[in-house]
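The stops below go from the whole chain to single residues.

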Amino acid sequence: MSSLMPRLDRVTRTFWRTTGRPVDLTGAHAWLDAPVHDGSVIGDAWLASAAARWGGHVREDVDGAGLLPDLTVLDGPGFRAADLHPDVRDFYEHTSRWRMEVWTQWTAAFQPGGELVSRFFGRRVQQLALPMRPLDVAHGMDSRVAVITDAGGGQRAAGWIRSLRSTGEFVYSGCYASRGLPGADRASVHVTFPLEAGNVQVFLRPTVLPDGSLQLDSPPGAFGSDGAYVVVRGSGRDHASRAPIHERFRVYVDGEGVLRTDHELRMWSATAVRLHYKLTRVG
């Protein structure tokens, strides 16, 4: 079985290369240029190489490190960071000061497939290992933010590493930043999940709702718009394809003053899994 897995990984990359389009990550498609990894086990191993590529360093000693150091980088038509509830904004700008409790619920039709992906891919490569059952996250999820600097010492991106508190197993290992898409009137939240010789990227369009909550959407759309992408590098040419994965996050403060997040992940138009996060300030 262990010898079969690398072959399956290569077949998967071949599929995405075949179904995708050639891209120039140093030119017209530089908006898709993002961290990848050179090994089959991801975890947090990609952080150092990403920092080196940008001429910077990985810093895990930044007090109150956030996924985005200032949400005003997202300001533009239809979005003003100043309109967000202060706790919502604080979570993104000082993520390391918040503790997470998580609940998960899969749709019955997608649970078998999700179990296969989690067992034979996510847990093995220590990336995108979605929790499958409520008891998987009964003890909560640990959250760690590593600041990735550029050559000038400023925050270029942030690595957000999440693991199961009960076992220490990696669940997500993402690179968070802001990025403008071709022709867009304002920046999107850009999340990259590094993989061997490629990555999964999600561009999330932010909206402030009337109650000060934040909604982030990765909807269906044309190539070059907000949504999910798979990028495969190597073999002389890089390829990218839109993925039929669509997400919505709503980050809000409930009637008792508790910060919460509702997260829905859809495949095509069907809901695959819902997650709910309770966020508590600890620093």
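Of the 283 residues of the chain, 49% are buried, where buried means under 20% relative accessible area, exposed means over 50%, and partly exposed is in between, with a 1.4 Å probe and protein chains only. This is a predicted model, in which local features need pLDDT of at least 70, side-chain atom pairs count only at pLDDT 80 or more, and totals for chains, interfaces and linings use all residues. Residues are numbered from 1 along each chain as its sequence is written, and side-chain values use heavy atoms, with hydrogens and water left out.

**Whole chain**

Show the chain as a cartoon: four helices and 14 strands make up its secondary structure. Helices (H or I, at least four residues) and strands (E, at least two) are DSSP runs, numbered from the N terminus. Along the principal axes, the C-alpha trace spans about 50 × 45 × 40 Å.

Switch to a surface. The chain exposes about 12800 Å², 55% of it supplied by carbon and sulfur atoms; the area comes from the Shrake-Rupley method with a 1.4 Å probe. Colour by charge next: the mean positions of the 32 positive and 31 negative charges are 5 Å apart. Lys and Arg count as positive and Asp and Glu as negative, while His and the chain ends are not counted; each charge is placed at NZ of Lys, CZ of Arg, CG of Asp or CD of Glu.

Among contacts between residues at least 6 apart in sequence, 57% join residues at least 24 apart.

**Helix α2**

Select residues 46-53, which form helix α2, and pick out the buried residues Trp46, Leu47, Ala50 and Ala51. These residues cover an arc of only 130° around the axis, so they are on the same side of α2; the arc is that of the directions from the helix axis to the C-beta atoms. Just after α2, glycine 55 has a positive phi of about 75°.

Step back to aspartate 38, in the loop between β1 (21-23) and α2. Aspartate 38 is exposed, at 72% relative accessible area. A C-alpha distance from aspartate 38 to serine 49 gives 9.3 Å, for residues 11 apart along the chain.

**Helix α3**

Select residues 86-93. Six of the eight residues of helix α3 are buried, namely Asp87, Val88, Asp90, Phe91, Tyr92 and Glu93. Their cover includes β3 (98-106), β5, β9 (214-218), β12, β13 and β14.

**Glycine 180**

Go to the loop between β6 and β7 and select glycine 180. Glycine 180 is partly exposed, with a relative accessible area of 44%. Leaving out residues up to four places away in sequence, glycine 180 touches Trp31 and Ala187. Tryptophan 31 is 149 residues away along the chain, yet its C-alpha is 7.3 Å from that of glycine 180.

**Isoleucine 245**

Select strand β12 (residues 245-253), where isoleucine 245 is found. Is isoleucine 245 exposed, partly exposed or buried? At 26% relative accessibility, isoleucine 245 counts as partly exposed. Beyond residues up to four places away in sequence, isoleucine 245 touches Ser218, Ala228, Leu265, Arg266 and Met267. Glycine 227 is 18 residues from isoleucine 245 in sequence and 7.6 Å from it in space, C-alpha to C-alpha.

The last stop is about backbone angles. Most residues other than glycine have a negative phi. Alanine 197 has a positive phi, near 60°. Look for alanine 197 in the loop between β7 and β8 (198-208); this residue is partly exposed, at 26% relative accessible area.

Finish at tryptophan 268, in the loop between β13 (259-267) and β14 (270-281). Phi of tryptophan 268 is positive, about 55°, although the residue is not a glycine. With 59% relative accessibility, tryptophan 268 counts as exposed.

Notes
Contact means heavy atoms within 4.5 Å.
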